[in-house]
Amino acid sequence: MTTASPARPAATQEQSPWPALWALVIGFFMILVDATIVSVATDSIMVGLRTDLNSVVWVTSAYLLAYVVPLLVTGRLGDQFGPKRIYLTGLIVFTAASALCGFAGTIELLVFARVLQGLGASMMTPQTMAVITRTFPPERRGTAMALWGSIAGVAMLVGPLAGGLLTGSLGWEWIFFINVPVGIIAFIAAWRLVPSLETRRHRFDVPGILLNTVGLFCLTFGVQEGQKHDWGTIAGPISVWSLIISGVLLLAGFLWWQSANKREPLMSLELFKDRNFGLANIAIFTMGFAVTGMGIPLMLYAQKTIGLSTMRSAMLLIPMAFASMLMAPIAGMLTDRMHPRLLAGFGFTGQAVGLWWLGTVMDVDTPVWQVLLPIGLLGFSGSFVWAPLSATATRNLPMHLAGAGSGVYNMTRQVGAVLGSASVGVLMQNRISAHFTPVLDQLGAPPGAASGSYAEATGALPEPLLEPFARAMGESLYLPAAVLVLGFLVVMCFERPTHSGMRARRSVARARRPELHAGALRRDSAPASTARR
């Protein structure tokens, strides 16, 4: 049961909500950049901290896991204590953890600091969507969500680019140190510009929190450690498959408990009564999986096979970032005018084709320009995914579910990112082992050298391993490409949103020129189930 506190005078009723959104976007952009910024610095961290590929993949996965697990709770915290207060608290935690990441001298300390970063990010993210939903009217919410979604897409592309520039010029530590001044600026902007919104008292679903937290951890840990332990025993009676199965069962138990809990479940299944919300969550899962999963294979290929520096490797993503930023305003404008299935369907098609194309051209003798073409396609088409999905997911939600809905949507995206990072990391190690083994056997290496240790994949590669390594990285991209096909099939089932900007404009046009819109009037008087198809 929820009770609302007395509403404070809403600044957003008298002032434009846009300054508050831009203030929140600074911090939101920063935390999403950190989800992918490590990919280009993977080799530098492996060499600098003298660790292996699996451990460095955990630098990304630990952040994403700590980010995703609390999202349902932090969305509720925003409802109960106010989005502004929770956002600012999370920003302090994130900024302090960023400094700790930069000073980390061991891989263990770096992973721990990334967990703290993820916890801070999980407090910030749901508040951005909640503020949009609660301060923008439905007919303008699509444009605001388009900006939010576009920022998410651009940030995931800019992360590796910024990581390459900072790692190449100042060292990998600076991909974290840069967050400190940005975090201070973001704090001042949010403190001054974000309004204090009314709060609601919530009960907290402790069994749901435990089932969700432990289930996600077991599933992710089992998937990521599977290849390292040859899909067998990890320690004592604990095996890879026991962790994975336990994770799936616990998450199934979580869903059952959410339907059985009649008080106030952690994830209200009422949200999924809206068809578009449910479909958008599946689609954003696939997008998070693909975008996060593609980063490390591409950067390792560029640095180890083509021989590019970290900075020049990052510059491969310039066409992607440029195309995305160029098309983001257009995609945002079209989000309120076109059916979401058309925009998102086009975007997912381009994403799947682009990743598959990129995987096929990643070879030791491939000219750089041939690698840039599919990368540019990914940036161009991605703009038509982020904005339509975020706008379509939340446009029909009632105000009292704003915080819960934003928490679920962001959690789903990050669950995709966590599993994408872990799954592609496993596939990379599998493909490296498969392609290295025959070459190492010919060179007279000890049996199991390729699968027992990945020291061969750190630092410079010997000439005979360049071509097998390139093939391994290219084949790793086929998995996220295949997952994006599921995203395409899902978005083709979208229905027209209830609060469509197209309908609002059509009503205005009808009032001005009624004689030209008689046909439209007859169509709009049709049953809602027909009109929304």
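Hi everyone, let's start at helix 19, where L466, P468, F469, A470, A472, M473, G474 and S476 are buried. That makes the helix, residues 466-476, mostly covered, with 8 of its 11 residues buried. Please keep in mind that this is a predicted model. Its mean pLDDT is 80, and 82% of the residues reach 70 or more. Over residues 451-458, though, the pLDDT is below 50, and that stretch has 18 contacts in the model beyond near neighbours in sequence.

What does M473 touch, leaving out residues up to four places away in sequence? The list is P297, L300, Y301, M362, M428 and I432. M473 also belongs to the largest nonpolar core, which has 138 residues; together with I45, V68, L110, L358 and L389, M473 is among those that touch the most other members. Helix 12, residues 275-305, supplies the largest share of this core, 16 residues.

Now for the charged residues of helix 19. E467 pairs with R471 in a salt bridge, and their closest N and O atoms are 2.8 Å apart. Both sit in helix 19, 4 residues apart, which is about one turn of the helix. E467 is partly exposed, with a relative accessible area of 29%, and R471 counts as partly exposed at 35%.

In total, the structure holds 4 salt bridges. Another one joins D34 and R114, with 3.4 Å between the closest N and O atoms. Since D34 is in helix 1, residues 18-36, and R114 is in helix 6, residues 107-135, the pair ties together parts 80 residues apart in sequence. Here D34 and R114 are both buried.

Let's finish on the surface. L165, M315, I318, F322 and L326 form a nonpolar patch there, with about 480 Å² of accessible area together. Helix 14, residues 318-335, gives the most to the patch, with 3 residues. M315 comes from helix 13, residues 310-315, and counts as partly exposed at 41% relative accessibility.

Methods: Residues numbered from 1 in each chain as written. Predicted model: local features only at pLDDT ≥ 70, side-chain atom pairs only at ≥ 80, totals over all residues. Heavy atoms only, no water. Patch = residues over 30% accessible without salt bridge, like charges linked within 9 Å, V, L, I, M, F, W, Y side chains within 5 Å. Areas by Shrake-Rupley, 256 points an atom, 1.4 Å probe, with all protein chains shown as cover. Salt bridge = Lys/Arg side-chain N within 4 Å of Asp/Glu carboxyl O. Helix = DSSP H or I, 4+ residues; strand = E, 2+ residues; numbered from the N terminus. Buried < 20%, exposed > 50% of the residue type's maximum accessible area, 1.4 Å probe, protein only. Core = buried A, V, L, I, M, F, W, Y, C linked by side-chain atoms within 4.5 Å. Contact = heavy atoms within 4.5 Å. pLDDT = per-residue confidence, 0-100.
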